[in-house]
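Student: I have a model open and some questions ready. Can we work through them one at a time?

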Amino acid sequence: MYRIDFNKLRFLICDDNPHMRRILRTLLHSFGAREAYEAEDGATALEMYTHYVPDIVITDWAMPIFDGLELAQMIRQPESKGNPYAPIIMLTGHSEKRRVTVARDAGVTEFLAKPISAKGLYQRILNVVANPRPFIKTKTYFGPDRRRNTNGAYIGPERRGGGEFEVLQQPSLLDKARSGV
């Protein structure tokens, strides 16, 4: 088990609801985070993302100007400014399988259904820090490996297709966030 020093991580919270932003900021501060920037829409979040280069993005799905899904797709552009490898945790009140799949396919790293809990948020953050997934680059996708089980010998119907792909190791947040305790 790792002890994460949240004080060493920079967060970007993007939600159009000021009460939800306050809840997230309060939870992050209770975990020990000190740098938590807030945006109320996708456009402002993208601006802040390129300026502050956060380690982790926590975004709502439904927002004005452009939503969290579009934000994730813009962050995941390999040629964009900022870090296209930053983990993205998507929050939404709609957790149907179809929506989870769409978010995953947009490059979202973790999914968290509202109403959120401190434990749920902490687990998602711990997972993106301690167990980063490799990134996959194909002609049509750039983002975290969408598969949780990466058994190379798998031959079933869900086997990756689509031609050539490249596996890229992302920079680890664990070294940055590991506590000296």
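Student: Is Ile65 buried or exposed?
Tutor: Keep in mind that this is a predicted model. Ile65 has a relative accessible area of 65%. The cut-off for exposed is over 50%. Ile65 is therefore exposed.

Student: Where is the place of Ile65?
Tutor: Its backbone deserves a look too. Ile65 has a positive phi of about 65°, although it is not a glycine. Most residues other than glycine have a negative phi. As for its place, Ile65 sits in the loop between strand 3 and helix 3.

Student: Val53 also has a positive phi. Does Val53 count as buried, partly exposed or exposed?
Tutor: The phi of Val53 is about 45°, and Val53 is not a glycine. Val53 belongs to the loop between helix 2 and strand 3. Its relative accessibility is 35%. Buried needs under 20% and exposed over 50%, so Val53 counts as partly exposed.

Student: Asp55 is in the loop between helix 2 and strand 3. Does Asp55 count as buried or exposed?
Tutor: Look at its surroundings first. Leaving aside neighbours within four places in sequence, Asp55 is in contact with Lys8, Leu9, Arg10, Ala86, Pro87, Leu173 and Lys176. Its relative accessibility is 10%. The limit for buried is under 20%, so Asp55 counts as buried.

Student: Which peptide bond is cis?
Tutor: Most peptide bonds are trans. Here one has an omega of about 0°. Its proline, Pro115, lies in the loop between strand 5 (110-113) and helix 5. The cis bond joins Lys114 and Pro115.

Student: Among contacts between residues at least 6 apart in sequence, what percentage join residues at least 24 apart?
Tutor: Start with burial: of the 181 residues of the protein chain, 44% count as buried. Then take the contacts between residues at least 6 apart. The share joining residues at least 24 apart is 68%.

Student: Are helix 1 and helix 5 roughly parallel or roughly perpendicular to each other?
Tutor: Their axes come within 11 Å and cross at roughly 65°. The crossing is right-handed. The range for roughly perpendicular is 65 to 115 degrees, so helix 1 and helix 5 are roughly perpendicular.

Student: How many nonpolar residues are in the contact of helix 1 with helix 5?
Tutor: Leu24, Leu27, Leu28 and Phe31 in helix 1 meet Ala118, Leu121, Tyr122 and Ile125 in helix 5. By class, the contact has no polar and no charged residues. The nonpolar count is eight.

Student: Is helix 2 roughly parallel or roughly perpendicular to helix 3?
Tutor: The axes of helix 2 and helix 3 (residues 68-75) come within 9 Å and cross at roughly 25°. Angles under 35 degrees count as roughly parallel, so helix 2 and helix 3 are roughly parallel.

Student: Last one. How far apart in space are Ile13 and Asp41, C-alpha to C-alpha?
Tutor: Ile13 lies in strand 1 and is buried, with a relative accessible area of 0%. Its contacts beyond four places in sequence include Arg21, Tyr37, Ala39 and Ile58. Ile13 and Asp41 are 28 residues apart in sequence. In space, their C-alpha separation is 10.0 Å.

Note on methods. Residues numbered from 1 in each chain as written. Predicted model: local features only at pLDDT ≥ 70, side-chain atom pairs only at ≥ 80, totals over all residues. Heavy atoms only, no water. Axes fitted to C-alpha atoms, helices over the stretch in contact; angles between N-to-C directions. Helix = DSSP H or I, 4+ residues; strand = E, 2+ residues; numbered from the N terminus. Parallel < 35°, antiparallel > 145°, perpendicular 65-115°, else oblique. Left-handed = near helix turned anticlockwise from the far one by under 90°. Contact = heavy atoms within 4.5 Å. Nonpolar A, V, L, I, M, F, W, Y, C, P; charged D, E, K, R; others polar. Buried < 20%, exposed > 50% of the residue type's maximum accessible area, 1.4 Å probe, protein only.
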